[in-house]
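Keep the model open as you read.

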Amino acid sequence: MTDSHILSGLYTKNTRIYKEKQKIPIKKEIYLHGPHICGDALDIDPYNNHILTGSWRKKDVLQIWDFSSAEKIKDVPPDPMGHTQLYCCQWLGRDSILCGGSDLNLAKVVDRGTLSTIGQVTDLPQGVYCCDHDNNSSRPVMAIGSLKQIFLIKPEKRV
């Protein structure tokens, strides 16, 4: 991936890839079969050309895809703590994933290598509908949106 691209995905399970400043999809319409996108739950990893999807559904909620082939690489296993339907997800640097959703009303950080949860914020007042981070250091500030509040989180250890 050498140019700037935009991903567009909806709950209809169709994801399109556009080159920046073009109004039509590149090559052909690319379908990532399965993701049920209901928020800011698409991200491109420029280092590995992977796409991250978060789905608002009961299973296979967090998935990693190959950008070039649109083939699924893997499903991130469900958290042992319980089920969360995702509204948002982002790559957090090269080694982690930040995501949040409803049912358990939590946000968590997942290690990309082990696919296990390495940090989480639980018992939020409602579902997590948005998340972001500054990505400027090994200890990024993360923002989590729940109800009418934004929670700012800075990890104690390197992420």
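Ala-107 stands opposite Val-121, a residue of strand 10. This is a predicted model: local features need pLDDT of at least 70, side-chain atom pairs count only at pLDDT 80 or more, and totals for chains, interfaces and linings use all residues. Residues are numbered from 1 along each chain as its sequence is written, and side-chain values use heavy atoms, with hydrogens and water left out.

Start with the strands. Strands (E, at least two residues) and helices (H or I, at least four) are DSSP runs, numbered from the N terminus. Two strands count as paired if DSSP finds at least two bridges between them. Strand 9 and strand 10 pair over 4 bridges, in the antiparallel sense. They belong to an open sheet of 4 strands, ordered 7-8-9-10 with antiparallel pairing. Strand 7 (85–92) and strand 10 are the edge strands, and each pairs on one side only. From one strand to the next, the twist averages 20°. Angles here run from 0 to 180 degrees between N-to-C directions, and axes are lines fitted to C-alpha atoms, for helices over the stretch in contact. In general, strands of a sheet pair through backbone hydrogen bonds, either parallel or antiparallel.

Now the charges. Side chains of opposite charge can pair when their charged atoms come close. A salt bridge here is a side-chain nitrogen of Lys or Arg within 4 Å of a carboxyl oxygen of Asp or Glu. How many salt bridges does a search of the whole structure find? The search finds 4.

One of them joins Arg-112 and Asp-45, with the closest N and O atoms 2.6 Å apart. The pair links distant parts of the chain, 67 residues apart: Arg-112 is in the loop between strand 9 (106–111) and strand 10 (117–121), Asp-45 in strand 3 (residues 42–45). Are these side chains buried or exposed? Buried means under 20% relative accessible area, exposed over 50%, partly exposed in between (1.4 Å probe, protein chains only). Arg-112 is buried at 13%, and Asp-45 is buried at 1%.

Another salt bridge brings Asp-103 and Lys-58 together (3.9 Å, N to O). Asp-103 lies in the loop between strand 8 (96–102) and strand 9, and Lys-58 in the loop between strand 4 (50–54) and strand 5 (62–66), so the pair ties together parts 45 residues apart in sequence. Asp-103 is partly exposed at 44%. Lys-58 is exposed at 61%.

Lys-72 and Asp-75 also meet in a salt bridge (3.2 Å, N to O). Lys-72 is partly exposed at 39%, and Asp-75 is partly exposed at 27%.
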